[in-house]
Amino acid sequence: MNKIKYILLCSLIVWMSSCKKEISVDDYSLLTGYWEIEKAKLPDGTEKDYSFNASVDYFEVNEEGIGFRQKLMPQFNGEYLTNDIPEEIKIEQEGSVFWINYKTDFSEWKEQLMTIKKDELILKNEHDIIYYYKRTDAVNSEDAE
């Protein structure tokens, strides 16, 4: 009986580890696009839902993980305005952890890239706040560039 339990436990561990997709440098291109925050999870476990977003994040990243993030504000006419403060970004890998390093003329900070999929982005900042994003489409994309 112990042998069956052991086999079942090993099978469960293998199955669970295969369900989680690891991030790789090939995933950098998935970051390029428009992302809208859905919710934030604070370190104490409480969650804040974002039913309305005053801004959308536009990321543009090349295959080396270098690019920028720009905040866009949706307007009633369907266009987006920018804050004209692009944040330089560089994705770096430390072991199995990927970091997005941000830099502006005023500050530098980083966020852990926890999940990146076609329609899902999860980032954790240095204060252990986890941000959940969904991909969105910009109505008037020429404002982002």
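How much space lies in the second largest pocket?

## The pocket

About 180 Å³ of space lies in the second largest pocket of this predicted model. Its lining includes E36, F52, N53, A54, S55 and V56. P74, Q75, F76, Y80 and T136 also line this pocket. By type, the lining residues split into 6 nonpolar, 4 polar and 1 charged.

Strand β3 covers residues 56-61. Of its 6 residues, 5 are buried, so the rest of the structure largely encloses β3. Buried here means under 20% relative accessible area.

Strand β1 (residues 33-41) pairs with β3. The two run antiparallel and are joined by 3 bridges. Here G33 stands opposite F59.

Strand β4 (residues 66-74) also pairs with β3. These two strands run antiparallel as well, with 6 bridges between them. V61 has G67 of β4 as its bridge partner. In the hairpin of β3 and β4, 4 residues lie between the strands. G65 in this hairpin takes a positive phi near 80 degrees.

The pairing continues from β4. Strand β6 (residues 87-94) joins β4 over 4 bridges, in the antiparallel sense.

Next comes strand β7 (residues 97-103). β6 and β7 pair in the antiparallel sense over 7 bridges. In β7, W99 is the bridge partner of E92. The hairpin of β6 and β7 has 2 residues between its strands. There, G95 takes a positive phi near 70 degrees.

Key. Residues are numbered from 1 along each chain as its sequence is written. This is a predicted model: local features need pLDDT of at least 70, side-chain atom pairs count only at pLDDT 80 or more; totals for chains, interfaces and linings use all residues. Side-chain values use heavy atoms; hydrogens and water are left out. Buried means under 20% relative accessible area, exposed over 50%, partly exposed in between (1.4 Å probe, protein chains only). Two strands pair if DSSP finds at least two bridges between them. On a 1 Å grid over the protein atoms alone, a cavity is a set of points where a 1.4 Å probe fits but cannot get out, and a pocket is an open set with protein on both sides within 12 Å along at least five of seven lines; lining residues have an atom within 4 Å of a point. Grid points are joined across faces, edges and corners, and a volume is the space filled by probe spheres set on the points. Ala, Val, Leu, Ile, Met, Phe, Trp, Tyr, Cys and Pro count as nonpolar, Asp, Glu, Lys and Arg as charged, and the others, Gly among them, as polar.
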